[in-house]
Amino acid sequence: MKRIFANVHVKRLFSAFAALAVLELMTGPPGSALSPTAGFTGSFREAASFFGLFRTQRWVVFFFLALVIFAVWSTWLTWGERVRGVAVKALSVPRAATHTRPGRWGIYVALLALALLLPHLITDPFWQAAMVEQISVYVLLALGLNVVVGFAGLLDLGFVAFYAIGAYTTAWVTGALPTAAPFGIHFNNFYAIPIAIALAMGAGIILGAPTLRLRGDYLAIVTLGFGEIITIFANNLYGITGGSQGTNTIPHFSLHVGPIKYLWGLTPVPYYYLTIVFVILFLIGFKLLEHSRVGRAWTAIREDEVAAESVGINPLKYKVMAFAIGASTAGFAGVVTASQSNTIFPSSFTLQFSINILVLVIFGGMGSITGVVLGAIVIQTGSMYLLHTPPSGYQPQDLYIYLGALLVVMMIFRPAGLVPSRRRHREIGLAEKGEGHMNEVLTGDTP
Amino acid sequence: MGAFGHYLTGHFATLRLEFWALFIGGLANGVLYGMVAVGYTLVYGVLRLINFAHSEIFMSGGFAGYFVMKALVGTAVPSGMASVGLIVLGTLVGGFVGAFMATLVERVAYRPLRRRHAPALAYLISAIGASYFLYNMAGKEFGRVPISMPQPYINHPIVHIFGAPVQMYYVIILLAGAVMFLALDRIVAKTKLGRSIRAVAQDAETASLMGVNIDRTIVLTFIVGGALGGAAGFLFGMGTGVSNTMGFVPALKAFTAAVLGGIGNLRGAMIGGFLLGVVESLSVVFVQAAYMDVVAFGILVAVLLFRPTGILGERLGRAA
């Protein structure tokens, strides 16, 4: 048996079948505790058509898909480098164009024009709402988490906590909570922005300062717990947060400056433009941050903390800074969502949310701003598409199965993400060769 | 005395009345935390990373036990030797499935990264992905509502300690925990497997020069930790019911227990578990039950803040 599996082709074939069997279960019908095998048998036996050609059962389709994947995989291992070479050559001309100043600005202007025109190209109300609530806001959140995970290399699993702080701050400042608004004044939503940013940042510092001096995985678990704790408080402090019902009286954004009076309402398009402005501001800010002194310090700490410390960089200070910046971005996004939807309640602030944002960052490429924006757009559009036009047998909750699997698959096959940050790509390569102090995990084949 | 003083004296009076009942309940919970914490601590000792998927290993043990009980327990609640047999069987099946899931996680989510010498962050992300995948997959296959387990025994108070009645359920957990902790302690201290785990935890490179098969040791570590986690999942599910979310909070607390005792330290994990269970249980007197999880989390942050090496200290490699 071991002999057979030692053969690399057998191993690959087996992996392809195993992966497709899992995929079959993921996309199959659900089961329940009363009929726990229904999901399993249904996944294999349910009727399916083979690409519309002939009627058959699901397992036949997946069996052939596994063979196809095995064939592609084997071919890729022999021919892949050549294909890659051709692709790189073909892309080198347009890529070189983007590296010149006019080329880059041309792309920025074109993308901006596209972003501004988008609501006029897509008029389906579902997609217009999705563009605000599920895409633009998530781009913002992914940009924020990218500072923590991508720039500083810290894993934050409680991102939702800061988002919730931002949302509840908005409700508090605008007087939508049972507890009295500050100074008894019902402020405009725009005033909630600095307050929410400050509070989320404060929470980030309080949580980060003790934890960040320890190993990276402690931070992950402490933030995981913190995300849960915030929900418990939101659920149980009836007098302050409104309990599990939350509140639905948060006003919309409105502007009263001199003669200008504008109220953002229920229609998504004005909100779309508002969030686009916010996204662009954050994009510019984080782009500048990336190449600033602070950004370089993060890179240094990520690559080799000991060396960074020896040249006078205080790792704790910069880690807390990254954590606080990420937290405040989430707080800001909380203000936008709360104002746009008017409604907040504790059960919308879940671990699922934190992991969703993490997937956007990992899929796009940790540390790569372009990648993260693209990743957020691709994944969120995909998940909205699945929600809008679900394939047969798809349940909304299935999305999270795919997201979990995607994290593992990305880490195995493409850890630097879809559009890798050049720097991050190189770092992972170096760590895999055993250079730098990033690598602390036992690899098994030590000589 | 001020208002706060009255608050305290009032609550201490309650505490005195309820102490033993709360203590025993807390201790039983603590045994379960300890059993899960052992899984964290063993993997940490060998790989220096937190196995985030451990909560789902716990869950898988719970579901495995549930299906066994569902198949074997009829309408009448069994008693006597039948109960003992069923509980032992459930624990074994839970442990077996837990061990199987743990090796699966190691194989799929960790080993490809180890082969590539991936940085530590990649392991964490991969583990979280695996955990999240399993959690939602269980929800899809077995439903997302908590289900109570058919009881293999009659739950009634069987003894009184200092006047406090002790439920059968607690006795079962305490007995099962005692057996498993003793067995684990002996395995790690005396057997070849235990020796190789300790050797790899101390110095992997030297261990492999001495002929320890590192890959095998890592898999066996996952198996031992997974078996205890799965068994704990069954025991927990017997009392609280099973669901795809059942692993999250107990695993977070077990991790707290592992840190409290000193991560990488086996006896520390057990003691940390007992301590956390008891403190959490007694805290019910002072805070609302809804905030019990907050207490555990507060303990985690406090330990990390003031004594990150835990009570017994990190004793990697000297696992026993």
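Two residues are taken to be in contact if their C-beta atoms, placed from the backbone, lie within 7 Å. This is a predicted model, in which local features need pLDDT of at least 70 and side-chain atom pairs count only at pLDDT 80 or more, while totals for chains, interfaces and linings use all residues. Residues are numbered from 1 along each chain as its sequence is written, and chains are lettered from A, with ligands numbered from 1, in the order in which they are written.

Leaving aside its neighbours within four places in sequence, Ala142(A) is in contact with Ile357(A), Leu360(A), Val361(A), Gly364(A), Val372(A), Gly375(A) and Ala376(A). Ala142(A) and Ala322(A) are also the residues that touch the most other members of the largest nonpolar core, which holds 214 residues. A nonpolar core here is a set of buried Ala, Val, Leu, Ile, Met, Phe, Trp, Tyr and Cys residues joined through C-beta atoms within 7 Å. A residue is called buried if 20 or more other C-beta atoms lie within 10 Å of its own, exposed if 12 or fewer do, and partly exposed in between, with C-beta atoms placed from the backbone.

The next step is the helix pair around this residue. Helices (H or I, at least four residues) and strands (E, at least two) are DSSP runs, numbered from the N terminus. Two packed helices are described by the angle between their axes and the distance between the axes. For helix 6 (residues 125-151) and helix 16 (residues 369-388) of chain A, the axes come within 8 Å and cross at roughly 140°, where axes are lines fitted to C-alpha atoms, for helices over the stretch in contact, and angles run from 0 to 180 degrees between N-to-C directions. The crossing of helix 6 of chain A with helix 16 of chain A is right-handed; a crossing is left-handed if the near helix is turned anticlockwise from the far one by less than a right angle, and right-handed if clockwise. On the helix 6 side of chain A, the residues that meet helix 16 include Phe126(A), Ala130(A), Tyr138(A), Ala142(A) and Gly150(A), and among their counterparts in helix 16 of chain A are Ile369(A), Val372(A), Ala376(A), Met384(A) and His388(A). By class, this contact between helix 6 and helix 16 of chain A has 13 nonpolar, seven polar and no charged residues, with Ala, Val, Leu, Ile, Met, Phe, Trp, Tyr, Cys and Pro counted as nonpolar, Asp, Glu, Lys and Arg as charged, and the others, Gly among them, as polar.

Beyond helix 16, Tyr394(A) lies in the loop between helix 16 and helix 17 (398-413) of chain A. Tyr394(A) counts as partly exposed because it has 15 C-beta neighbours inside 10 Å. Although Tyr394(A) and Pro30(A) are 364 residues apart in sequence, their C-alpha atoms are 8.8 Å apart in space.

On the scale of the whole chain, chain A is divided into domain 1 (2-92) and domain 2 (114-432), with bounds that come from an automatic or database domain assignment. The centres of domain 1 and domain 2 of chain A, taken over C-alpha atoms, are separated by 34 Å. Five residues of domain 1 of chain A are in contact with five residues of domain 2 of chain A, and the side of domain 1 that touches domain 2 has three nonpolar, two polar and no charged residues.

The contact between the chains takes 54 residues from chain B and 51 residues from chain A. The largest share of the side of chain B that touches chain A, 18 residues, comes from helix 4 of chain B. The residues of this side of chain B divide into 38 nonpolar, seven polar and nine charged.

Most residues other than glycine have a negative phi, and most peptide bonds are trans. Arg48(B), in the loop between helix 1 and helix 2 (54-72) of chain B, has a positive phi of about 60° although it is not a glycine. His117(B), in the loop between helix 3 and helix 4 of chain B, likewise has a positive phi, of about 55°, without being a glycine. Arg48(B) counts as partly exposed, with 19 C-beta neighbours inside 10 Å, and His117(B) counts as partly exposed with 18. Arg114(B) is placed in helix 3 (residues 81-115) of chain B, and its C-alpha atom is 9.8 Å from that of Asp215(B), 101 residues apart in sequence.
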